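Thanks for coming, everyone. Let me put the structure up, and then we'll walk through a few places in it.

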Amino acid sequence: MSDSTDVIAPPEEQEAVATAPAEGVSEGEPKAEESAGEPRAAADTAPIETAPPAGEAKPEDETKKAIAALRKARDTHANVEGRVFGWNPGGFHVVIDGLAAFVPRSEMELEPIAEPEVYLDKTFPFRVLKIQGKARRIVLSRTAILREQQEKQTAATLSKLRANDVIKGKVASLTDFGAFVDIGNGIEGLVHVSEISRSRVQKPADALQVGQEVDVKVLKVEKGGRRVSLSMKALEPDPWREIKDKYPDGAIVTGVVERTDKPGAFIQLEPGLVGLLPTSEMGLPREAIPARAYPKGKEVRVQVVGVDPKRRRIALAPEGSQIEGTRGDYQAYQKQQRRETEATGFNALASALSKLKRDQPR
């Protein structure tokens, strides 16, 4: 098998060329300050040859066996263990079984690395990406292993994810149509703008920020987990459950104008409860502009005309309006009158008086 078919690291990361071990340390060995975590100067970042730390050189026959083992690992995608003994801005120098190798910076972690010195003198599993010549250049990757682990964790999490599950997440990004929330193991779900809050949210950025931790409810998991729909609104109390008791017909309430359109002014009584004050009920002159009389954010006092919990609608009128009773109110009134009449025996007395009048001689 030709060695030239291996994965090639980006040009900017081809910072080192691994060499077969030799006695002592070659010119390309990371300097003492590198091993201590100090980065090279800019002039030291050109491609170099490296050798493992002194004392780890191997006899030639053992070296050949080590190289053969690395080639087999490369061809079979097996893991190999290596210890980090140096670094420069382009990546990390690693020793594997007495052989020096290089790990490009982008091949060490899935996320950007802020403090490369923390990797020094630590052992990690790697995949062999490339071996050139007589092992004079060995390039490794750790991200290949991390991606596989993440994929397995993602699959395991998705297999257990169900609608109505309540989980914690972190806002990963914001768009005009919603927020993408990281719920762990590489899974991001979408909280549509309409599912952020029971209060009206025009832009997700008005209510959320990247990095914010949130509780979300799973609405749907579609297309094998590639689409996960989430909701924050579903975890808020539903104000419509006891609305009849809280907002009876005729009640005077205070609200804030959410917006004014052609139908009228939409007034928020509380988060998730918005009623409509029709333009026809505003009592404005014909030439008046409703949006000026009821601008967004204005606090107003209105009267509840009626509530329809099934359709989730609240009809409003200006405070002091004369409101006719609904049919339901009238039927309730009739029942109450009948109960009171039966309790006082009014019907029996009225019937006796009527009979007495009919029986009197004329």
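Where does Arg312 lie? Arg312 is in the loop between strand E16 (299-308) and strand E17 (313-318). Strands here are DSSP runs of E with at least two residues, helices are runs of H or I with at least four, and both are numbered from the N terminus.

A word on the source. This is a predicted model, where local features need pLDDT of at least 70, side-chain atom pairs count only at pLDDT 80 or more, and totals for chains, interfaces and linings use all residues. Residues are numbered from 1 along each chain as its sequence is written, and side-chain values use heavy atoms, with hydrogens and water left out.

Back to Arg312. Its phi is near 55°, a positive value in a residue other than glycine. Most residues other than glycine have a negative phi. Arg312 is partly exposed, at 40% relative accessible area. The cut-offs: buried is under 20%, exposed is over 50%, partly exposed is in between, with a 1.4 Å probe and protein chains only.

Asn164 also has a positive phi, near 80°. Asn164 sits in the loop between helix H3 (143-160) and strand E8 (166-174). Asn164 counts as exposed because its relative accessibility is 54%.

Now the inside. The largest nonpolar core has 24 residues. Such a core is a set of buried Ala, Val, Leu, Ile, Met, Phe, Trp, Tyr and Cys residues joined through side-chain atoms within 4.5 Å. Among the members that touch the most others are Leu70, Phe92 and Met108. Helix H2 (60-76) and strand E3 (79-88) are among the elements giving two or more residues to this core. A second, separate core of 19 residues includes Leu273 and Val302.
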